[in-house]
Amino acid sequence: MLENISEFIPFLIPLVVVQFGLMIAALVHVLRHKTYRRGSRVLWVIVSFISIIGPVLYFTLGKGDE
């Protein structure tokens, strides 16, 4: 069983790094800006923690014009 998991580690590490990078970037942007196209600050902070999809949704749907 552990042998199977160790085979996926080279693929999982970059995915986790990208996920945390996007999450941090989205959170920093949400906390620094006050206007959003859709939703509120609380909504986007919560959504930012949802896997890789949350930050992508924020940058495509929620990020307001600067």
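**Notes on the predicted model**

1. A search of the whole structure, which is a predicted model, turns up three aromatic pairs. In one of them, the ring centres of Tyr36 and Tyr58 lie 6.3 Å apart and the ring planes meet at 65 degrees, so the pair is classed as edge-to-face. This pair links distant parts of the chain, since Tyr36 sits in the loop between α1 (2-32) and α2 (41-48), whereas Tyr58 belongs to helix α3 (residues 53-62), and the two are 22 residues apart.

2. Are the two partners of that pair buried or exposed? Tyr36 has a relative accessibility of 14% and therefore counts as buried, the cut-off being under 20%. Tyr58, for its part, has a relative accessibility of 0% and is likewise counted as buried.

3. Tyr58 also takes part in an aromatic pair with Trp44, again edge-to-face, with 5.4 Å from centre to centre and 65 degrees between the planes. Because Trp44 lies in helix α2 and Tyr58 in helix α3, this pair ties together parts that are 14 residues apart in sequence. Trp44 and Tyr58 are both buried. Taken as a group, Tyr36, Trp44, Tyr58 and Phe59 make up one aromatic cluster.

4. Which residues form the largest nonpolar core? It has six residues, namely Ala26, Val30, Tyr36, Trp44, Val47 and Tyr58, and at least two residues of this core are supplied by each of α1 and α2. Ala26, a member of this core, is in contact with Ser48, Pro55, Tyr58 and Phe59 once its neighbours within four places in sequence are left aside.

5. The buried residues of α2 are Trp44, Val47 and Ser48. Viewed down the axis of α2, these buried residues fall within an arc of 100 degrees, so they line one face of the helix. Val42 and Ile46, on the other side of α2, are exposed.

6. In α3, the buried residues are Gly54, Pro55, Tyr58 and Gly62. They cover an arc of only 100 degrees around the axis, which places them on the same side of α3.

7. Ser51, in the loop between α2 and α3, deserves a look at its backbone, as its phi is near 40 degrees, a positive value in a residue other than glycine. Most residues other than glycine have a negative phi. At 39% relative accessibility, Ser51 counts as partly exposed.

8. Ile5, which has its place in helix α1, is partly exposed, with a relative accessible area of 45%, and its C-alpha atom is separated by 33 Å from that of Trp44, 39 residues away along the chain. Gly21, also in helix α1, is partly exposed too, with a relative accessible area of 41%. Between Gly21 and Phe11, which are ten residues apart in sequence, the C-alpha to C-alpha distance is 16 Å.

9. How many helices and strands does the protein contain? There are three helices and zero strands, and the elements run α-α-α from the N terminus on. For the protein as a whole, the C-alpha trace spans about 50 × 15 × 15 Å along its principal axes. The radius of gyration is 15 Å, whereas a compact globule of 66 residues would have a value near 11 Å.

10. Some totals complete the picture. Among contacts in the protein with a separation of 6 or more, 52% are between residues 24 or more positions apart.

Methods:
Residues are numbered from 1 along each chain as its sequence is written. This is a predicted model: local features need pLDDT of at least 70, side-chain atom pairs count only at pLDDT 80 or more; totals for chains, interfaces and linings use all residues. Side-chain values use heavy atoms; hydrogens and water are left out. Rings of Phe, Tyr and Trp (its six-membered ring) pair if their centres lie within 6.5 Å; planes under 30 degrees apart count as stacked, over 60 as edge-to-face and the rest as tilted. Helices (H or I, at least four residues) and strands (E, at least two) are DSSP runs, numbered from the N terminus. Buried means under 20% relative accessible area, exposed over 50%, partly exposed in between (1.4 Å probe, protein chains only). A nonpolar core is a set of buried Ala, Val, Leu, Ile, Met, Phe, Trp, Tyr and Cys residues joined through side-chain atoms within 4.5 Å. Contact means heavy atoms within 4.5 Å. The radius of gyration is taken over C-alpha atoms; the globule rule is 2.2 Å times the number of residues to the power 0.38. The arc is that of the directions from the helix axis to the C-beta atoms.
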